[in-house]
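Keep the model open beside you and try each task before reading its solution.

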Amino acid sequence: MNTTQYDYLVVGSGLFGAVFAYKAHQAGFTVLVIDKRFHTGGNVYCENIADINVHTYGAHIFHTNNKEVWDFLNSFVSFNRYTNSPVANYKGRLYNLPFNMNTFYALWGVKTPDEAKEKIEQQRRESGITEPKNLEEQAISLVGKDIYEILIKGYTEKQWGRKCTTLPAFIIKRLPVRFTFDNNYFNDLYQGIPIGGYNKLIDGLLAGIEVKTNTDFFANRAYWENTAEKIIFTGKIDEFYGYRFGKLEYRTVRFETETLTCENYQGNAVVNYTEREIPYTRIIEHKHFEFDKQPQTVISREYPSEWKEGAEPFYPVNDEKNSALYGAYAELACKEKNVIFGGRLAEYRYYDMDKVIERALDKWDNNG
Ligand SMILES: Cc1cc2nc3c(=O)[nH]c(=O)nc-3n(C[C@H](O)[C@H](O)[C@H](O)COP(=O)(O)OP(=O)(O)OC[C@H]3O[C@@H](n4cnc5c(N)ncnc54)[C@H](O)[C@@H]3O)c2cc1C
């Protein structure tokens, strides 16, 4: 007996699920969205603390070159003029990121692009590295030893939990250096934070759609599989297949969030701590994403760590072993007639927000 009540069951209300659900709903289909968390929005969800939108799952800065995606989002929410200009703190001294003329001035006192280029070239030559064997050698061969030691080494080792000399060279393909006084981290044409926060964007996408939170697909799989003609699955692909080939690995980040009774703690949304001895990689001060003026402030220290069951699976580890494992699951997924897999967990891939939205729009156009 066919007991389906919906055309689509969307498992996961992150950006992929929410965009797909919106398109299906707009096209007149019946849609149910479920999410195992207590809230919608997946990793872009923000919690309101002391009247500040706190990025619960890590700082999210929207940036894109895709005008279609930008216009699509702007039909739900306007964006502010936030420009990501992180600052690096190394042993108490501050440097602008990405590497640009401000950084080179702070490092060496050089004032012109030619002086900066000469300094980098000199350090590259002195290293004598022609065939980098690991990440350390790769970085030094690209930007010289000062930038590597002050701004890359400690940060990267904290991120990966391993020494740069044991990390493969291919992790860093290029290291962008800019010979202008431009602290804008991204090169994209469009950038900003939704005015009113990301939750407003997700609420706009899901308006008029039935949503059940605190609802895990796997807690009652047989029931959910029979509720809809098609399933859009945005959870972990290995879990979908009962981990039959083994578990995919991730890196995760632990956040230590604190409300402080000062108005402005660090004067910037993002400050990286690039020395190895400080255990966290960054401090995020959330109010600066929205130029807020509340009397208090909320900061989050970020501690990258090994992923264990129960922790958030944030970053896929796209090495040979995990890529092969994902390939085996993806082969099964290709054969599914009524299940569409999409998003960062189902595709085991890091996607920026604009890319995941692009993917969801494409999937709708081609498979919806
Ligand atoms: C720390 C961090 C910082 C980031 N910063 C940026 C940034 O600055 N700029 C940028 O462009 N991108 C950033 N990203 C990327 C961005 O988070 C992703 O592009 C986006 O969130 C992916 O959306 P998604 O729908 O694929 O996944 P998610 O947002 O993870 O959504 C998946 C949803 O599925 C739900 N789910 C999973 N399994 C089940 C189940 N069994 N039953 C029911 N529900 C389930 C989950 O609860 C979750 O809500 C960052 C990512 C991380 C990890």
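Before you start, note that this is a predicted model.

**Exercise 1.** Is Y303 buried or exposed?

Solution. The relative accessible area of Y303 is 13%. Buried means under 20%, so Y303 is buried. Now turn to Y280: its relative accessible area is 14%, so Y280 is buried by that cut-off.

**Exercise 2.** Work out how the rings of Y280 and Y303 are arranged.

Solution. Start with the ring centres, which lie 5.8 Å apart. Next take the planes, which stand at 80 degrees. An angle over 60 degrees counts as edge-to-face, so that is the label for this pair. Then place the residues: Y280 is in the loop between β12 (270-273) and β13, and Y303 is in strand β14, so the pair ties together parts 23 residues apart in sequence. Finally, look at the face of Y280, where R301 lies over the ring at 5.6 Å from its centre.

**Exercise 3.** Describe the aromatic pair of Y82 and F291.

Solution. The centres are 6.5 Å apart and the planes are 45 degrees apart, which makes the pair tilted. Y82 is in the loop between α2 (67-74) and β6 (87-90), while F291 is in the loop between β13 (282-285) and β14 (297-306), so the pair ties together parts 209 residues apart in sequence. As for accessibility, Y82 is buried at 6%, whereas F291 is partly exposed at 37%.

**Exercise 4.** Which strands are at the edges of the five-stranded open sheet?

Solution. Write down the order, β9-β2-β1-β10-β16, with parallel pairing. The edge strands are β9 (210-212) and β16 (339-341), each pairing on one side only.

Note on methods
Residues numbered from 1 in each chain as written. Predicted model: local features only at pLDDT ≥ 70, side-chain atom pairs only at ≥ 80, totals over all residues. Heavy atoms only, no water. Pairing = 2+ DSSP bridges. Helix = DSSP H or I, 4+ residues; strand = E, 2+ residues; numbered from the N terminus. Phe/Tyr/Trp six-rings, centres within 6.5 Å; stacked < 30°, edge-to-face > 60°. Buried < 20%, exposed > 50% of the residue type's maximum accessible area, 1.4 Å probe, protein only. Lys NZ or Arg CZ within 6 Å of the ring centre and 35° of its normal.
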